[in-house]
Amino acid sequence: MDNWRGISATDNNPRANAVRPYVDNPTGNSKIHGRPRAVVPTAEIFNDMKILWDVGANCVRPHPAQSHRNINRRDDRPRSSVIPRNAEKPTDDRGRSSLQKFSTSEKPKEGMAPKMLDVILPGTGGMLPSDTRWLSTCWLESQGEAVLIDCGEGTQIALKKQNLRLGNVNTLLITHYHADHISGLPGLLLSLGNYGKGADSPLLIAGPRGLHKIVESLLVIAPNLPFPIELREVGAGDIIAFDNWSIEAFRLRHGTLCNGYRITLTRKPVFNPEKANALGIPPPLFKVLHRGENVTLEDGREITPDMVLDGERAPIKVGYYTDTLTFDRMSEIFTGCDLLIAEGMHGDEAVADRIRDKKHSMIQESARVAAKAGVNRLWLTHYSPALINPREYLPMARGIFAGAQMGFDGIKISLPEGDRGR
Ligand SMILES: [Zn+2]
Ligand SMILES: [Zn+2]
């Protein structure tokens, strides 16, 4: 009987064909390899031998009762301590749902400027995706222009779960080339094509030295994309600029070349409608002046933007780093950030040495960076798979920096917050 193990019963497999008379013969004894065998009903053979057999479903379909039992077996097991995905999503530190508002088209309150930048973490895991977390990735979007940071295994699923428009991604920043930050690239690129990204919508992929070799290798399994790709290797101090975006790379301290990024969005100055009305400017021209262009009124008067604009608005700044030891200059890099998204691999001091040996940051270390930099808000991310419930460490993190929040898959915010929107 051992001779059968692993044999596929296909027409091209002579050993498999040899066993067919035995299985098919309904009449009694048969011979296999010269030895007489008793005929046994086919289903029993499979139950006893548990071999993998790629013949038609009629031969191997399990008994309905058995099938039912197999399907339900997962539910019969005792519940594990793993918390379900998004189990941490309920409220932020202000007691409101973090999912309540997330839209660039959100109507601003009286006297408030519209929100300029939406930020979301579709994944917050480190090393490998788990039942509760996709791998760390960050989506930043302003007025239909999206920037994505990192794409580990399954990132395209994480993005779809948050109903993000994949076709809006024009810039992909890679921090480094460990698998949990890049291995989802081929699938993501194919999906971008399927979601309407075309020849007139190039994708810029930026990352540390080695980008060309890595991406070109991965493109072997994602050929014939319908949109062009531009590759740009960036290191300390390099800036990617487009529209009102400016993205600066800086070097981190990991086991391999690794970048952090600081994203800055400049904002238009404050428009003063009272000044515009006093000058008799028709409201449809307000937008033109706010864009910084001159207008000529019907009576021939030339109006320049400085006649209706009141002062500059501070830019919006978001800092991002994972996979690094923290270092002193970080506080300088992130000074004044509205939001810092930072690695919090673990919070237990008992494992801190191990985490640092692998050149990763502890929750408390990133909280110290946020406090020293004076950022407005901190999100922790890139958790160890061994860290089941990061919220255990929230009180400790807030003891160091009051604006700390434990990131989770789906955490979102629209920036700037509060008075910064004026
Ligand atoms: Zn990582
Ligand atoms: Zn890494």
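Begin by selecting helix 13, residues 363-373, in this predicted model. The helix is mostly covered, since eight of its eleven residues are buried. Show the side chains of Ile363, Gln364, Glu365, Ser366, Ala367, Val369, Ala370 and Ala373, which are the buried ones.

At the end of helix 13, select Gly374, which follows the helix and has a positive phi, near 65 degrees.

Now turn to the largest nonpolar core, a set of 72 residues. Val119, Leu140, Leu339, Leu340, Ile341, Ala370 and Leu378 have the most contacts inside this core. Helix 13 supplies its largest share, five residues.

Centre the view on Leu378. Which residues are in contact with Leu378, leaving aside its neighbours within four places in sequence? They are Leu340, Ala342, Ser366, Ala367, Ala370, Phe401, Gly403, Ala404 and Gln405.

Finally, move to strand 7, residues 203-207. Four of its five residues are buried, so the strand is largely enclosed by the rest of the structure. Strand 6 (residues 169-173) runs parallel to strand 7 and is joined to it by three bridges; Thr171 has Leu204 as its bridge partner. Strand 8 (residues 229-233) is also parallel to strand 7, with five bridges between them, and Ala206 is partnered there by Arg232.

How values were computed: Residues are numbered from 1 along each chain as its sequence is written. Chains are lettered from A and ligands numbered from 1 in the order in which they are written. This is a predicted model: local features need pLDDT of at least 70, side-chain atom pairs count only at pLDDT 80 or more; totals for chains, interfaces and linings use all residues. A residue is buried if 20 or more other C-beta atoms lie within 10 Å of its own, exposed if 12 or fewer, and partly exposed in between; C-beta atoms are placed from the backbone. Helices (H or I, at least four residues) and strands (E, at least two) are DSSP runs, numbered from the N terminus. A nonpolar core is a set of buried Ala, Val, Leu, Ile, Met, Phe, Trp, Tyr and Cys residues joined through C-beta atoms within 7 Å. Two residues are in contact if their C-beta atoms, placed from the backbone, lie within 7 Å. Two strands pair if DSSP finds at least two bridges between them.
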